[in-house]
Amino acid sequence: MSAVNKSKEDEGNFSTKVIKIVFIILLLDLLGFTLILPLLPSILDHYAESRDGVYQSLQTVVDWFREAVGIPLEKKYNSVLFGVPGITCNRGSVRLIWPATPAYAHHSEENITFLGLFKVLFITVRSVRKHKALSPELTHSHLIGCLVFQLGLMSSYAVWAVSRSFSMFLLFRVIGGICKGNVSLCTAIIADLPCPKARNRGMAMIGVAFSLGFTVGPLMGAYFAITSKATGNVFYLTPALLALAFSTADLLFIWLMLPETLTKDVKALSSGCGDCRDLLHPLSLFYFAAVSKKKDQLSRNGMQSLRVLGLVYFCYLFLFSGLEFTLSFLTHQRFQFTSMEQGKMFFFIGVIMALIQGGYARRIKPGQHIRAVRMAIIALIPAFVIIGLSWNVTMLYIGLSLYSFAAAIVVPCLSTLVSDHGSASQKGTVMGILRSLGALARALGPVVSSSVYWIAGAQTCFLITSASFVLPLALLGIARRLKEE
């Protein structure tokens, strides 16, 4: 008995160590990534003023989209829309540059993409690389995978620092997008932890890292852009060099501190083109086909539960990311928020999310996650109704408080629920597919929501989408029944 207790204690200590290391890795990664977010409008203005040829050619398509949807001819919205035809790589995807909105700066993984399926492509290609396509050493090593991706990120930030044309800027984003696999790998590392309680705590701490990164990083980027311009350099030089420094520090930290969480007996059970198709085809993602075809298959009930949870995750992020994007439109139109006031608003959201994730979400007991997600989604309905109908700033912030509470809980808890499915050799694939579904949702949701916003109006957009959260709630009820069977 004492040996068993000692083994559990060792597992607990190891899990705690891994969670702390992953938290620091992600925080450094996100600080480097988010430095650029408040600079994107100014970067676009910079290339517009220089009459860059690539920029101008993409601008013509933006003008067509703006006229088709009915968006006002304002410089602010034009900057936000730039990227509907353009391709700028961001967090593992070819993204839209929805740059002028702090909503974009607040939540990444993961917000909006152009040719959004490319986001799924890049994330699932990272999953394929992690499990199949690279050398045997990389296939069975999260550590080496993190190091390779980090080296790629460092090269992308170096390209940014020396970029003086829009083409070079696009190259920086493409390289960074292809190499932005550490978030997926960190999620897989947490999923590898043996104890469900530790996995829950780890997923919550990933959420805390995101909240802190997207709260502090943009502020640092704005500050160092001002200092860089004051010294006579191009305004984005210092932020680019700082991002490179964060990435270098992250590389050294990974190399020195990150243990390998994949055990020697975890082998890739299948390979070949069939697996690649299952990881890349959108319908296969919803069916978790790559998991169902493995030799150590889940039970029929387990597969059904996993697919329903994947649908909940997709539906939630599709609706949530859409309203999150249009939030900055609403505050600018209705309350004439300046960029600074919007920055304060999202700082308020980030602080509340960090407190909820650090103080409540990580303490949710195993077996209570579906209940927590259900409570959070129910809270989102009045949150977005209040925001959509708000006629003063006080009412807006009441809605934002509910919004922040819900946003802090849903994704970490759903990630924990999904990470409970599958054997040790399947967890990386399971989590990679889940993130791909999230990528697809964030590709489509904001495009649909912003179109509804400008065609039907803010109130209609927020009320219709709020009512639509009934769908993930209904699916969550199915997931709960499957779990109880």
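This is a predicted model: local features need pLDDT of at least 70, side-chain atom pairs count only at pLDDT 80 or more; totals for chains, interfaces and linings use all residues.
Local features need pLDDT of at least 70 and side-chain atom pairs pLDDT 80 or more, while totals for chains, interfaces and linings use all residues. Residues are numbered from 1 along each chain as its sequence is written, and side-chain values use heavy atoms, without hydrogens and water.

Helix α19 spans residues 393-419. Helices are DSSP runs (H or I, at least four residues), numbered from the N terminus. From first to last C-alpha, α19 reaches 39 Å, close to the 39 Å expected; the expected span is 1.5 Å times one less than the number of residues. Of its 27 residues, 19 are buried, so α19 is largely enclosed by the rest of the structure. Buried means under 20% relative accessible area, exposed over 50%, and partly exposed in between (1.4 Å probe, protein chains only). Asn-392 caps the N-terminal end of α19, with a side-chain oxygen 3.2 Å from the backbone nitrogen of Thr-394.

The whole structure holds two salt bridges. A salt bridge is a side-chain nitrogen of Lys or Arg within 4 Å of a carboxyl oxygen of Asp or Glu. One joins Asp-420 and Arg-199 at 2.8 Å, N to O. Asp-420 lies in the loop between α19 and α20 and Arg-199 in helix α11, so the pair ties together parts 221 residues apart in sequence. Arg-199 is buried, at 7% relative accessible area. Asp-420 is partly exposed, at 37%.

The other links Glu-324 and Arg-442, with the closest N and O atoms 3.6 Å apart. Glu-324 lies in helix α16 and Arg-442 in helix α20, so this pair ties together parts 118 residues apart in sequence. Both Glu-324 and Arg-442 are buried.

Terms used. Helices (H or I, at least four residues) and strands (E, at least two) are DSSP runs, numbered from the N terminus. A polar contact is a pair of N or O atoms within 3.5 Å; within protein, one must be able to donate a hydrogen and the other to accept it, and residues adjacent in sequence count only if both atoms are side-chain atoms.
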